[in-house]
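Hi,

Here is the model I said I would pass on.

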Amino acid sequence: MKIISSPLELKEHLKNIKLSVGFVPTMGALHEGHISLIKKAKEQNEMVVVSIFLNPTQFLKGEDLEKYPKKDEADKKICSLSGVDVLFFPQTSDMYGVDEVSILAPKVRGYVLEGQSRPGHFNGVLTVVMKLLNIVNPTRAYFGKKDAQQLNLISLMVKQLFMSVEIVPVDTVREKDGLALSSRNIYLNKDERVEALKVASSLRAASAMVSKGILNSHEIADSMREVLAPLEIFYVEILDREFNPLLHVEIGNTVILVEVNVGTTRLLDNIWL
Ligand code: AMP
């Protein structure tokens, strides 16, 4: 596996490669969720590039940028063992200069749900993803359904800016007890880890209601809030796959999203029905 930190060196390295390239952008502290993205990229492409970059522009003031878990050596091993061809590992100064051009998230869809409690977060996400896609110029890029709003906005950017990359959504990987894997789970203490299970339980409860034919969004959201109590809830939303509100669940076209605080750790999760 080749490790490259300079964007221009990576562009040069990939310039004459005629193979299909699968790209997996991450912020490091890799877990089985990231590995499933890498596996999918390997299945569908002749070459796989992974990036590890803790992007400062998507963190708001006071968020966890400084304490975000860093596992550089373990991450390199995981990538190498997973058959990654090139690991892109830039420093902030490799990615950003002064007085930068940036991409702005859409004014409505970028400022609801996670964007409401983290205003400007998605500007940083879209800017860095645009930079990374321009550096790697992949055939396909892989994003987790776990970050459903991020996936939605990136797909929107690619469509609206007429970019040629194919965005491939990947299912959420969970612990055996249902907790969605996240680099932030290590912030949870023992009691919070137990409380965090309410997130997956609320989504299972929603899914069970739908299986019984209860499709009314208010009814489902109310039941989910009962399961989540007493956690601080940022939102429980039942939307279609374009992220428009739904009064009734439409099987095959629905995503149910939850974001809560467990202690001081923000957890988000969703199911696609
Ligand atoms: P991050 O390192 O948190 O920026 O995540 C990098 C990519 O991995 C994003 O596309 C995430 O949606 C995806 N991801 C994170 N957690 C999971 C998970 N549990 N299952 C599947 N994909 C995930």
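Which polar backbone atom is 2.9 Å from a nitrogen atom of the ligand? That atom belongs to valine 173. Before the rest, some housekeeping: this is a predicted model, so local features need pLDDT of at least 70 and side-chain atom pairs count only at pLDDT 80 or more, while totals for chains, interfaces and linings use all residues. Residues are numbered from 1 along each chain as its sequence is written, and side-chain values use heavy atoms, with hydrogens and water left out.

Back to the ligand. The ligand is surrounded by 17 residues, and the closest are Met27, Gly144, Asp147, Val173 and Leu181; a residue counts as near if one of its heavy atoms lies within 4 Å.

Next, the aromatics. The whole structure has 2 aromatic pairs (ring centres of Phe, Tyr or Trp, using the six-membered ring of Trp, within 6.5 Å; planes under 30 degrees apart are stacked, over 60 edge-to-face, the rest tilted). Phenylalanine 53 and tyrosine 96 form a tilted pair, because their ring centres are 6.4 Å apart and their planes are at 35°. Phenylalanine 53 is in the loop between strand 3 (47–52) and helix 3 (72–81), and tyrosine 96 is in the loop between helix 4 (92–95) and helix 5 (114–117), so the pair ties together parts that are 43 residues apart in sequence. Helices (H or I, at least four residues) and strands (E, at least two) are DSSP runs numbered from the N terminus. Phenylalanine 53 is buried at 4% relative accessible area, and tyrosine 96 is buried at 14% (buried is under 20%, exposed over 50%, partly exposed in between, with a 1.4 Å probe and protein chains only).

The other pair is phenylalanine 59 with tyrosine 68: the centres are 5.9 Å apart and the planes at 80°, so this one is edge-to-face. Phenylalanine 59 is buried at 10% and tyrosine 68 at 9%.

Alanine 229 and proline 230 are joined by a cis peptide bond, with omega about 5°; proline 230 is in the loop between helix 9 (217–228) and strand 7 (232–240). Asparagine 137 has a positive phi, near 50°, and is exposed at 62% relative accessibility. Phenylalanine 162 has a positive phi too, near 55°. Phenylalanine 162 sits in the loop between helix 7 and strand 6 (166–170) and is exposed, with a relative accessible area of 77%.

Cheers

Notes
A polar contact is a pair of N or O atoms within 3.5 Å; within protein, one must be able to donate a hydrogen and the other to accept it, and residues adjacent in sequence count only if both atoms are side-chain atoms.
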